[in-house]
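Subject: A structure for you to explore

Hi there,

Here is the structure I promised to pass on to you. Please open it beside the sequence and keep both in view as you read my notes.

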Amino acid sequence: MMNVLDFRNSPLDRRTLRTRVPRASVDISDAISAVGPMIQDIRERGRAAVLEYTERFDHVQPDTLRVPAAALAAALEGLAPAVRSALEETITRARAVAEADVRSAVTTEFTGGGTVTTRWLPVDRVGLYVPGGLAVYPSTVVMNVVPAQAAGVPSLAIASPPQADGLPHPTVLAAAAMLGVDEVWAMGGSQAIAAFAYGFDDGEDLEPVDLITGPGNAFVAAAKASVRGVVGIDAVAGPTEIIVLADATADPRFVAADLVSQAEHDPLAASVLVTAEASLAEAVQDELRTQVAATAHTDRVRRALAGNQSGIVLVDDLDAGIAVLNAYAGEHVELMVADPQAVAARVTNGGTLFLGDHSPVALGDYCSGSNHVLPTLGTAAYSSALGVQSFLKGSQVVDYPRDALAAVAEHVTVLATEEDLPAHGTAVTVRFGGDV
């Protein structure tokens with residue numbers, strides 16, 4: 001069912017681990033070349049070009065790209081009570097975590113009354129992309145909107161691909177309505193990213209955004225990479241991934257179920273098990289044969305699990321397993337071990353860690369309060385989950401009265417002379433009667 005890689009009795013240096021542990025490989029260069037002319041066309045022709053690409057790729061001709069307020073209200077009205085209740089709980093928990101993460105301004109004072117204040121300001125306008133494709137993602141609406149709102153972003157717009165009726169999926173619309181987002185656009189793929197970056201005013205008005213967040217396919221990722229610099233982006237994301245560290249205490253049913261749940265996303269999804277227990281690996285393989293046959297998306301899951309991006313990694317011991325996890329820097333890291341809290345303290349690279357039998361990744365996808373927009377492809381080694389900080393920009397305010405400047409004036413002039421920038425020193429000394 002899954003490929004097995006035996007790392008036992010092998011050196012586990014960082015280079016070896018980074019090259020041998022199974023992982024999805026993503027090359028979006030061809031996609032960037034493909035979307036480049038489209039982005040330029042939308043920049044030049046605006047809404048008319050978006051409508052043409054929508055017809056070509058989504059096979060619909062919407063009357064308007066902006067979703068009418070009545071359609072948002074109708075989607076919320078028609079939402080099944082159980083789904084509404086689940087979304088409400090998801091929103092409540094996500095908001096609690098997001099609001100706790102908001103940063104306050106901090107002021108540092110120096111001799112003479114000089115101060116530096118670090119403040120955190122929300123991005124003015126954000127475009128949130130919610131994909132369609134193989135699944136429906138109202139949870140992605142929540143994960144993008146809630147931290148942006150907690151950060152205080154004053155202007156939010158959502159884009160999501162239109163269905164046959166010319167509107168995004170009704171559950172996506174309902175989630176937007178629940179969160180009070182009334183600017184929703186029926187746009188998908190790279191055309192939505194280009195429209196967010198450049199805006200348009202021909203027939204309908206879409207103001208360009210400052211930041212684009214949200215997941216998508218290779219063409220969405222390529223479009224985000226192409227407009228980065230014109231606007232900010234959260235990340236160029238790859239296929240989703242899970243890496244599970246399991247010891248002899250792990251239940252193979254739980255391990256297999258979590259590997260399957262991640263493989264369900266996409267045939268390119270990566271599911272990796274790391275263990276020192278060969279018997280556990282065999283038991284998980286047996287469980288996978290049963291569970292994959294019984295799941296709704298058997299073919300998709302089977303392809304993901306059998307792909308080169310997935311596999312079972314056998315290691316000598318727990319220490320070696322932790323080394324694999326830190327080198328992999330996975331999007332989702334599950335610790336199915338006897339003392340998950342102790343192991344978690346040693347895992348330094350991971351988008352989100354899930355501890356023990358009752359913290360599956362599926363919980364994080366929906367209702368843990370954590371954010372499910374996470375770094376992939378090893379970027380968790382240096383980047384973070386989407387959160388309040390993603391929508392804030394740091395700014396420092398310097399306020400030095402005369403005495404405070406006098407206290408460091410000589411240091412400034414010495415350093416300016418050392419760097420052969422004498423005018424910098426003069427800009428200070430002139431304030432104390434020096435020559436220009």
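**The enclosed space**

Searching the whole structure turns up one cavity of 30 Å³ or more. Please keep in mind that this is a predicted model. The space inside the largest cavity comes to about 40 Å³. Which residues line the largest cavity? They are Gly 214, Pro 215, Gly 216, Asn 217, Val 220, Ala 221, Lys 224, Ala 235 and Ala 237. Sorted by class, that lining has five nonpolar, three polar and one charged residues.

**A pocket to look at**

Helix H1 (14–20) and helix H13 (318–328) each provide at least two of the lining residues. By class, the lining of the second largest pocket has eight nonpolar, one polar and two charged residues.

**The chain as a whole**

Now zoom out. The protein chain has 17 helices and 14 strands, and its C-alpha trace spans about 85 × 60 × 40 Å along the principal axes. Of its 436 residues, 48% are buried. The chain exposes about 20200 Å², with carbon and sulfur atoms supplying 51% of that area. If you take the contacts between residues at least 6 apart in sequence, 72% of them join residues at least 24 apart.

**The nonpolar cores**

The largest nonpolar core has 40 residues. Those touching the most other members are Val 126, Val 141, Val 145, Leu 156, Ile 158, Leu 179 and Phe 391. Several elements give two or more residues to this core, among them helix H4 (69–77), helix H5 (81–100), strand S4 (125–129) and strand S5 (155–160). Helix H6 (138–151) and helix H7 (170–178) do too, and H6 gives the most, with eight residues.

Enjoy exploring!

Best wishes

Conventions. Residues are numbered from 1 along each chain as its sequence is written. This is a predicted model: local features need pLDDT of at least 70, side-chain atom pairs count only at pLDDT 80 or more; totals for chains, interfaces and linings use all residues. Side-chain values use heavy atoms; hydrogens and water are left out. Helices (H or I, at least four residues) and strands (E, at least two) are DSSP runs, numbered from the N terminus. Ala, Val, Leu, Ile, Met, Phe, Trp, Tyr, Cys and Pro count as nonpolar, Asp, Glu, Lys and Arg as charged, and the others, Gly among them, as polar. Buried means under 20% relative accessible area, exposed over 50%, partly exposed in between (1.4 Å probe, protein chains only). Contact means heavy atoms within 4.5 Å. Accessible areas come from the Shrake-Rupley method with a 1.4 Å probe; for residues, only the protein chains shown count as cover. A nonpolar core is a set of buried Ala, Val, Leu, Ile, Met, Phe, Trp, Tyr and Cys residues joined through side-chain atoms within 4.5 Å. On a 1 Å grid over the protein atoms alone, a cavity is a set of points where a 1.4 Å probe fits but cannot get out, and a pocket is an open set with protein on both sides within 12 Å along at least five of seven lines; lining residues have an atom within 4 Å of a point. Grid points are joined across faces, edges and corners, and a volume is the space filled by probe spheres set on the points.
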